Amino acid sequence: MYGVIKRLTELLDPQKVSIMGIDISLVDTPIETRASTPSLSSVPPPHQGHGNSGNVDMAIKHDWLWSKLSKWLKANDILITEAGMPSVGVWDTKLPRDTTTISQMFWRSIGYTLPAAQGAALASRELGSVQRVILFITDRNFQSTAPAISTILKHKLDIIIFLINNGGYTIERWLHDMKAGYNDAPDWEYTAIPKTMGGKAMVDISNVHSGPYVHPAKMMTKRDRGYKSYTVNNMIELEELWVKEEFKKPMGMHFVEMHMRKEDAPLPLKLVCKNIVKTNKASST
Ligand SMILES: [Mg+2]
């Protein structure tokens, strides 16, 4: 089946295709090209908070994120994507060998993936696995099931959580009104959530020099495992995070608040929303 799909996509000319009346000629940028990151060598350092650096737009965008993710993932990772932006954005991600994916595409249950990630991390540990458990979840959805953070911390599970802070319900903005206040999420202090939920800050042992060298990950016992929070505002900061040792073999909870723009969405999602709006308009006239 894989061979058939591969051959069909090779033969397909996107310029000649229309899906339910949608012009998909917008899909004209190869995934590999979208994943290129502007070089910082020619621009000033990015400023905290808005993702811009000089005249260069350094904000993390869906078009870039999900294809770039392909290069960071490793074989055997467990990748969990929340309903909405992550579950659609991940269609642009090329998965390494033996990746396990978890999503809730059928009911699109909001907030499902946070406790699902907790279950996956617990199961992974009990099976003696060394798989990384990686969750992408959006802000409003996270708020629905946030107490699961407490359970993750209680069991001292190993997990990487990317919380996309884009200010609320972006799909609803695309479907109904980009500026409607009811789609705004309450502004939580996300990086403080692990502490609020009973977590202990991870002890930084990366600078311990006495005695024979021991890799930091090996020095950390189950009892030591706590949480570490991060904030990323732009592409460079995210890429710098991805190359850190603690993200290659996470121990404890690594909680990353990732700022993205509220109107940004993966291209397939924009196309579907536009089509729904068009269909709704046609049926109401
Ligand atoms: Mg959101």
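In the predicted model, helix α5, formed by residues 113-126, lies across the strands β5 (78-81), β6, β7 (133-138) and β8 (159-165), and its direction makes an angle of about 175° with that of β7. These strands belong to an open sheet of 6 strands, paired in parallel and arranged in the order β6-β5-β7-β8-β10-β9. From one strand to the next, the twist averages 15°.

Within this arrangement, β7 is largely enclosed by the rest of the structure, because 6 of its 6 residues are buried. Both of its faces are covered, with Val133, Leu135 and Ile137 buried on one side and Ile134, Phe136 and Thr138 buried on the other. Strand β7 pairs with β5 in the parallel sense over 4 bridges, and threonine 81 has phenylalanine 136 of β7 as its bridge partner. The parallel pairing of β7 with β8 comprises 5 bridges, and here leucine 135 is placed opposite isoleucine 161 of β8.

Helix α11, comprising residues 235-242, lies across both β9 and β10 and runs at about 150° to β9.

Notes: Residues numbered from 1 in each chain as written. Predicted model: local features only at pLDDT ≥ 70, side-chain atom pairs only at ≥ 80, totals over all residues. Pairing = 2+ DSSP bridges. Helix = DSSP H or I, 4+ residues; strand = E, 2+ residues; numbered from the N terminus. Axes fitted to C-alpha atoms, helices over the stretch in contact; angles between N-to-C directions. Contact = placed C-beta atoms within 7 Å. Buried ≥ 20, exposed ≤ 12 C-beta atoms within 10 Å, placed from the backbone.
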